[in-house]
Amino acid sequence: MKKKIGYFVVIFLMFFLATGCKNGEITREIRHAGFTVSETEFTCSEFLPKDEEDTTYAKIWYYNGSQIITESGIIYDVSLDMPFANGESCKQADFTKKVVAILDDKIIKADDNKLYYFSSNGNLAAFSEVPTDDNSYQVYQIIFKDPDVIKAITVDQNSGIYYVLKRDGNVYKMVITRSEYNQPYVLRSSEIFYSKGVYGIILDFNYSADAKGNYIRTNTTIHRNIASNSDECNKYADVICQYQMREDTELELYLDRIVAYNGTTLITDYGKIFTVN
């Protein structure tokens, strides 16, 4: 009996050490791809596999650093500085509806076809319904009118330019303006900006003034803005980084180990958190 117990202990230790070595190698490779690993750990059992064979964990669709939205539309709050009372970095948010689409980090469309603030807006609390007298309510209505819209990002509010990901796997450039101040907003044009014919079916993307956070993600690829002059711009204060959207073949090797990625932060399935250099 003692021999059997000893045998299983040895097998467990070998598995543990092998897993640890493999995870350490992945950490080194992700760092080599241009990321810095954090001392903080991501401890959310809901989103981390129990073992290499486990596929039952919830999948993250959207992550902004302080909130997670799962693929099924459930919102979780995230705290990386200190754990919640449940002892983990995440807990389900106080919002019972499911999210079907999001604009910026600001407005969500729920499965009841209503719009809600994703975070507090003035005197209005997070998850409160967007009132019709909101200054941009007409714009929200136009963007979310199409049930195939998944995610929208404001590119230039003054010019009425928005990039919108739809369920067909394309990102569209939508222009929404009005002819006069007292006239209603109108969708002036909608054309493909990031094509699935070029990148594959797009699952997620980001576009912001902070160019290094821009990315396009599919099932098999990650294209992201990478500095073409990184050696110089990371060394000299007077050299500006020049970013280009390129396929990151190094990062793609570990796509199945990434549980969350938003362009600037990456989380692996073994709880390591990385940030873009």
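Author: Let me begin with K272, which counts as partly exposed because its relative accessibility is 24%; here buried means under 20% relative accessible area, exposed over 50%, and partly exposed in between, with a 1.4 Å probe and protein chains only. This is a predicted model, in which local features need pLDDT of at least 70 and side-chain atom pairs count only at pLDDT 80 or more, while totals for chains, interfaces and linings use all residues. Residues are numbered from 1 along each chain as its sequence is written, and side-chain values use heavy atoms, with hydrogens and water left out.

Reader: OK, and which residue does K272 form a salt bridge with?

Author: The partner is E41, and the closest N and O atoms are 2.9 Å apart; a salt bridge here is a side-chain nitrogen of Lys or Arg within 4 Å of a carboxyl oxygen of Asp or Glu. The pair links distant parts of the chain, since K272 sits in strand 19 (residues 272-276) and E41 in strand 1 (residues 35-41), 231 residues apart. Helices (H or I, at least four residues) and strands (E, at least two) are DSSP runs, numbered from the N terminus.

Reader: Is E41 buried or partly exposed?

Author: E41 counts as partly exposed, because its relative accessibility is 34%.

Reader: How many salt bridges does the structure hold?

Author: The structure holds 6, and one of them joins K151 to D204, with 2.8 Å between the closest N and O atoms. K151 lies in strand 9 and D204 in strand 13 (residues 204-206), so this pair ties together parts that are 53 residues apart in sequence. K151 counts as buried because its relative accessibility is 6%, and D204, with a relative accessible area of 8%, is buried as well.

Reader: What about D248, where is that one and which side chain does it meet?

Author: The side chain of D248 meets that of R224 in a salt bridge of 2.7 Å, N to O. D248 is in the loop between strand 16 (243-247) and helix 5 (249-252), whereas R224 is in strand 15, 24 residues apart, and both D248 and R224 are buried.

Reader: Staying with strand 15, why does H223 count as buried?

Author: H223, which is placed in strand 15 (residues 222-227), counts as buried because its relative accessibility is 13%. Leaving out residues up to four places away in sequence, H223 touches Y199, N214, Y215, I216, M245, R246 and E247, where contact means heavy atoms within 4.5 Å.

Reader: Changing topic, which residues of helix 2 are buried?

Author: In helix 2 (residues 137-145) the buried residues are Y137, V139, Y140, I143 and F144. They cover an arc of only 155° around the axis, which puts them on the same side of helix 2; the arc is that of the directions from the helix axis to the C-beta atoms.

Reader: And what covers them?

Author: The cover includes strand 6 (99-103), strand 7 (107-110), strand 8 (115-117), strand 9 (149-156), strand 10 (161-166) and strand 11 (171-177).

Reader: Last one: how many helices and strands are there, and what box do the C-alpha atoms fill?

Author: The protein chain has 5 helices and 19 strands, and its C-alpha atoms fill a box of roughly 85 × 45 × 35 Å along the principal axes. Of its 277 residues, 42% count as buried.
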